[in-house]
Amino acid sequence: MPGPYLHGHHASVLRSHSWRTVDNSAPHLIPYLKPDLKVLDVGCGPGTITVDLASRLPQGFVYAIDPSADVIEKARQHAQEKGVTNIRFEVGDIYNWQGLDGVEEGSFDVIHAHQVLQHLQDPLGCMKEMVRLTKKGGIVAVRDCDYGAMDWYPEHPGMQKWKDLYIKVAKGLKAYPNMGKMLHSIALQAGIPRKDIEASIGSWCFSTPEERAWWCGLWADRTVKSDYKQRVLDGNHGTEAELEEIAATFREMEKKEDGWFAVINGQVICHIR
C-alpha cells in the first residue's frame, strides 16, 4: 500500500520534484511518445513531468493522480501557468483507482510512474494495477533511483552516514530505497514476460557550482526541515545532532570545487501484450 511518504512535501522536497522534466527524468519514455496517446501519470507530484508530457501530446490526454491534495493543487496551477489544457489532475492513488472518475481497466496507452515504487510498501501491487489499466499494445514506464548506488567525490564520512541512515529509515517504513535495480524483477513478478521488459539506467550528475548548490542545498534543508527529520527521530534511527552533522556535510560538499554527485536510476519499459 502507499504507506507514509518518507519526505513529505516541504519546500526542499518540492524544489527537487519541480526540477523534473521529460528530458531529465523520463528519457526512456521519449521514443514511445505519439501525439494522440492517453497517459496515466501515477504519483505525479507538482506536475512538471506531467505537464511536459501533455505538451508533447497535442491530440492526446494525460490523467494524473497523487495522494496529496496540496500537491495536486500546485500541479493544477503549474498546468494553468503553462497553458496546457489536455490534462486532468485528481487526488487519488493507484490502489484505489476504481474511485477515480475516468479511470477504467485497459484504458491507457501509457502508464508512467517516476520515483514512486520506492516509497510503497506494496510495489508489486502497484505494478499489477498499472498493468491492469494499460491497453493491450500499450506500455508501463517506470523509473526509480537506487540509493545504494549513489556516489560522490571527494570522499567524506558524513556522506556515507547520510546514505546509510536514509536507507535504514526507508526500510523502517517498509519501503524500497534501492528499487531502481529491482524494477525488472517487480515487472516479472507482475506476470510480464522478460522478453517484453526493456531494462535500462538513466543518471543525474551534479558537479557544476550551480548544480552542487541546488542538489546539496536541497538535501541539507531536507535533512533537518522536511518530514524526513521526524521519520528519523520517531523511528529512533538517529538524533537531531546527527542530522545537523549530515546537513553540514552537504553544505561542505557544495563548496568543494571538485565536488561531484551521481544518482543512478533504474528504468523499465514494459510492453503489455
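In the predicted model, a salt bridge (a side-chain nitrogen of Lys or Arg within 4 Å of a carboxyl oxygen of Asp or Glu) joins Glu-129 and Arg-132, with an N to O distance of 3.5 Å. Both residues belong to helix α5 (residues 123-133) and are three residues apart, about one turn of the helix; helices (H or I, at least four residues) and strands (E, at least two) are DSSP runs, numbered from the N terminus. Glu-129 is buried at 17% relative accessibility, whereas Arg-132 is partly exposed at 35% (buried, under 20% relative accessible area; exposed, over 50%; partly exposed, in between; 1.4 Å probe, protein chains only). Residues are numbered from 1 along each chain as its sequence is written. Local features need pLDDT of at least 70, side-chain atom pairs count only at pLDDT 80 or more, totals for chains, interfaces and linings use all residues, and side-chain values use heavy atoms, with hydrogens and water left out.

The salt bridges number 14. Among them, Asp-101 pairs with Arg-88 at 3.1 Å, N to O. Asp-101 lies in the loop between β3 (87-91) and β4 and Arg-88 in strand β3, so the pair ties together parts 13 residues apart in sequence. Asp-101 is exposed (54%) and Arg-88 partly exposed (27%). Both residues belong to a network of salt bridges that also links Glu-73, Arg-76 and Glu-90. In a further salt bridge, the closest N and O atoms of Lys-195 and Asp-196 are 3.4 Å apart; Asp-196 is buried, at 3%, and Lys-195 exposed, at 70%.

The lining of the second largest pocket comprises five nonpolar, two polar and five charged residues (Ala, Val, Leu, Ile, Met, Phe, Trp, Tyr, Cys and Pro count as nonpolar, Asp, Glu, Lys and Arg as charged, and the others, Gly among them, as polar).
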